[in-house]
Amino acid sequence: MRLVLVLACLCLAACDPFSGPRIDVEAEDGARPWTGLDANDADGDFHFAIVSDRTGGARPGVFASAIPKVNVLEPAFVVSVGDLIEGYTEDPAQIKREWDEFEGLVAGFETPFFYVAGNHDMNNAVMAEAWKARFGPSYYRFVYRDVLFLVLNSELFRMVGTDESLPGPWSQEEQLAFVKETLAEFPDPRWTVVLVHQPLWDYPTVLEDWLRLEAMLGERDYTVFAGHRHRYVRHVRNDRKYITLATTGGGSSLRGEIYGEFDQVALVTMTDAGPRLANLRLDGIAGEDLVTGPVRDAVANLSSAVRSLPGQGSGDTFEAGSVAFEVANRGDAELHVGYHVDAGPDLTFAGPPVPRVVAPGEAARVEFPLAAPVPTAWANLRPGRVSWSLETTAGGLPVALTVASALLPVAPLPLPSGPAPTVDGDLGDWGPLRHHVSSQGDVASRDLAPTDLSYRFDVREAGGDLYFAARVFDDEILASSDREPRLQDAVLVFADARPEPARSANMSLYRAATTGNLAASAIGYLTLADTAQATDLGYLSASLAAVEWRARRVDGGYAVEARIDGAFLDEHAGAPWRAVRLGVAAVDWDDEDAGNRIAWHFPGSAGAALHWQPDRFGQAPVAGSGTFVRMNGAAGESGR
C-alpha cells in the first residue's frame, strides 16, 4: 500500500487526485524552485540522487550525459548542490538564456528536481531577483517519508571572494530565522538532510553564522551535502557526516579518486539507520570513504610539496646552470621522494637520481645541473620535465602521488622601448616579432597541444604603457560575437608588475582568484569578435579594463594588438613599474563542442591552449618565468 502524504498548503491540496506518494512542502502561490512533487517511490526505504557543480569551467555535454544515467537509477527525486549556470553577469538577457538552457536540461529528468543556489547562480542582486522571479525562494524545506530536507543559500552566509552577504530580496537573518522555525516545527524527524552550495565548515575560520546553524541542529540526526570545491571529501564533524561532492561537468582536472576529482552523481538510500551514500562516477561506482579528511589533507600536502625556487640567469643565452626545487613535508609521517628527469629537446641532465627521505616538518633542496649543447636564447628554451614520486602515510593508510614539475632555467628578458604603435590590429609598425611559439611550453598541457596552431609575439614599452602584438597562424578560426570570448579562439595575456617576491611566486588559479592575486594582473582575453573581453567577474573588472586591444583576420590566421595601461601596472608595482611577468597563450577551438579539452583554466574556458612558457596558474609552474625588465631600468631592478 502506497503512503499518501498530506500537503501543507491549500494550493497543492486542491490538485487532482494522485496515486503515488507526494513530497510534503510548504509553498505559497507563484514561482517555485522545483519541478514537481510526485515522487518516484514505493513502500520501504527510498533513494534520492544528488547532482553537483555543472559550471565554474563547464565542460559541455557532461551534465547532459548524467541525466539518462540518473534516470536509470530510478530515484524518488533529484536534488542539487548549486552552480547550475555560469552566471557572474548582470545582463538579464544572458541570465535568461542560461536558465532557459538549464531548464531544458532538467526537463530530461524523469523525477522531480530541486534547485539549490550556488555562487555562479546568484552572485549579485540582479541574479537574485531573476532567481526569485523564476523559482521563488532561495532557501526552503521539504519533507518526504518523515525526512526533513533543509535547502540553504550559502551566499547569504558569505559570497565567494568577499566578506559580504548576497544583496537582494533575502537576508541572512531571515534565512536563520526560517531555519530556527523549521527545526522547531519538525523537532524529531526520521533524519535531517542539509543541502548547501559552499562547504562553510571547511574554511580556516568557520563563520559564526554556520556555528549558529550547527547549534540549532543540536543533537538531531543529520547529514550535510555541499559542492563548490569541485573535489570530493568526507568530513566527520559533531559526529555527523559532512560531504562535499565532486563535479557533474564543472571545471576539473579529473586527476582521479585520490584527488577527489571525478564526475559523479551521488545516490543516497534512506534506511532506518540513516542515509547510505554511493558515489556513482559517470564511469563507475565508489563508496563514501574513497577520500577521508586525513587522506585529503595528505594529498593536498603532497600536491604542493614541490616548489620551484627562483633562479635568475644572465646574458643573452643559456649554456649551463642549474634549476632548484624545494620539497617540503607538511605531514606527520616521513616523506619518501624519488624522481625521473626528462630534460627535453634543448637541455641535458647528467646527474643520477638520488632518493630522499624528508622528515615531518622539514624541507629538502633538490638541484638539477643542466647544460645546453647549443647555446640557446632564454626566451626560446623549451622546458623539460621532472616526474616526482612522493610516498607517505595518513591515518595509517599509504598515500602515493606522482607530480610533475617543469625543468626550465630562467633569466630576465629585455623589454625594449620604442614609439607607441597604433592599437588597430595592423602589425606593420612592429617589425619582426621576436618570440616564436610552435610547441607546448607548459609541460602539464603537453599532451593537449594543438597540432595546427603557432604564433609569434612581441612586447615593448612606450610612454609608460606596455604594448603587446601577436600573429597567430591557424587554418580554422572560431570567432563570433554570439559566443562568449572564453568559448572561441583568443590570445590570452596576463601582465603582473608587482614587486618581488609576489611577482615571481606561483599558485593555483583558484587560490589566486580568491586571495586577490589574480586581480593584481592586467588580463587580456583578445578575440576577433566584437565583444567584451570576458564575462564580468566583478573582482576582475579593473584587470580586464586595463587592456585595450584590436584584432583582425590575416592570411592563414589573425593578428592582435594590445595596450596594457601603465597606470594599472604602476598601481600594483607601488611605484613606476620596472619589470613585468607575462603569461601568454593562444586558445584554439577547432570544434565548437570540444569542451572536454580543457587546457587553460581561466574561469569557464575550454579549447586547447598553446602556452609560451609553463602556465603560472597550472600544475607545473616555474618561479619568475616570463619576466621582462625595462632596458632603461634593468640595473635598478632588485626585488621591485
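Of the 640 residues of the chain, 56% count as buried, meaning under 20% relative accessible area with a 1.4 Å probe and only protein chains considered. This is a predicted model in which local features need pLDDT of at least 70 and side-chain atom pairs count only at pLDDT 80 or more, while totals for chains, interfaces and linings use all residues. Residues are numbered from 1 along each chain as its sequence is written, and side-chain values use heavy atoms, with hydrogens and water left out.

The chain has eleven helices and 31 strands, taken as DSSP runs numbered from the N terminus (helices H or I, at least four residues; strands E, at least two). Elements discussed below are listed here.

| Element | Residues |
|---|---|
| helix α3 | 92–106 |
| helix α4 | 125–135 |
| strand β24 | 465–474 |
| strand β28 | 557–564 |

The axes of α3 and α4, lines fitted to C-alpha atoms over the stretch in contact, with angles from 0 to 180 degrees between N-to-C directions, come within 11 Å and cross at roughly 40 degrees. Residues in contact (heavy atoms within 4.5 Å) include Trp 99 of α3 and Trp 131 of α4.

Five strands form an open sheet in the order β22-β23-β24-β28-β27, with antiparallel pairing, where pairing requires at least two DSSP bridges between two strands. Because β22 (435–437) and β27 (547–554) stand at the edges with a single partner strand each, one side of each is left without a neighbour in the sheet. Eight bridges join β24 to β28, and Phe 473 has Gly 557 of β28 as its bridge partner.

Conventions
Buried < 20%, exposed > 50% of the residue type's maximum accessible area, 1.4 Å probe, protein only.
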